[in-house]
Amino acid sequence: MCFLNGKCLIAMPGMQDDRFEQSVVYVCAHTNEGAMGLVVNRPIKDLTFAALLAQLKMEPPADCGQPPVLAGGPVDIIRGFVLHSPDYTGTATLAMTGLASLTVTTDIIRDISEGKGPEKYLIALGHVGWSAGQLENEIKENAWLPVNASGDLLYTLPFEKRWAFALQKMGIDPSRLSAEQGKA
């Protein structure tokens, strides 16, 4: 079996679930038991970083900036995840690849607000989850296309450009994709 840890998944036009239309998902974990990932291109429009800090009962420093908060997926939407560059390590940090680590404690949020967090990061609420064999079946059904992750795709590009960029990395023109599935 080929596991997709550290890869991204591009939602294809034939995706049956509208919640994932034009989504890019970073696969944090993929085993025989299932998979877990974070959507990396869906900012939550009406949730600011300051509001998140207030919900966590943290006082925002005056110069902490306003990083976006993403909708990481429809599972466990009140749970926070920070996907970040490996230059930061906390007590609950899972090192995944040379490109990304995952931390799930509020300590990293506090460190980000104080300018002591990782150089690059994404803050997400919720995640995407698949049961055993579910992701593999969805890929066979042409719902997802795996692609190598990159720093641009995860951290740098504007969110609205990440889906098209991921397809273009594979040499695919997004305007030429169809929701129709063929058989060879």
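A definition before anything else: buried means under 20% relative accessible area, exposed means over 50%, and partly exposed is in between, with a 1.4 Å probe and protein chains only. This is a predicted model, in which local features need pLDDT of at least 70, side-chain atom pairs count only at pLDDT 80 or more, and totals for chains, interfaces and linings use all residues. Residues are numbered from 1 along each chain as its sequence is written, and side-chain values use heavy atoms, with hydrogens and water left out.

By that cut-off, 42% of the 184 residues in the protein chain are buried. The accessible surface is about 9800 Å², and carbon and sulfur atoms hold 51% of that; these areas come from the Shrake-Rupley method with a 1.4 Å probe, and for residues only the protein chains shown count as cover.

Now the fold. The chain has 5 helices and 9 strands, taken as DSSP runs numbered from the N terminus (helices H or I, at least four residues; strands E, at least two). Their order along the sequence is β-β-β-α-β-β-β-β-α-β-α-β-α-α. The radius of gyration is 17 Å, close to the 16 Å from the globule rule for 184 residues, so the chain is as compact as a globular protein of that length. That radius is taken over C-alpha atoms, and the rule is 2.2 Å times the number of residues to the power 0.38. Along its principal axes the C-alpha trace spans about 60 × 35 × 25 Å.

Contacts next, meaning heavy atoms within 4.5 Å. Of those with a separation of 6 or more, 64% are between residues 24 or more positions apart.

Finally, the loops. Q22 sits between β1 (7-11) and β2 (24-31), and is partly exposed, at a relative accessible area of 44%.

N142 is also not a glycine and has a positive phi, about 70 degrees. The loop that holds N142 runs between α3 (134-140) and β9 (144-148). With a relative accessible area of 31%, N142 is partly exposed.

That is where I will stop.
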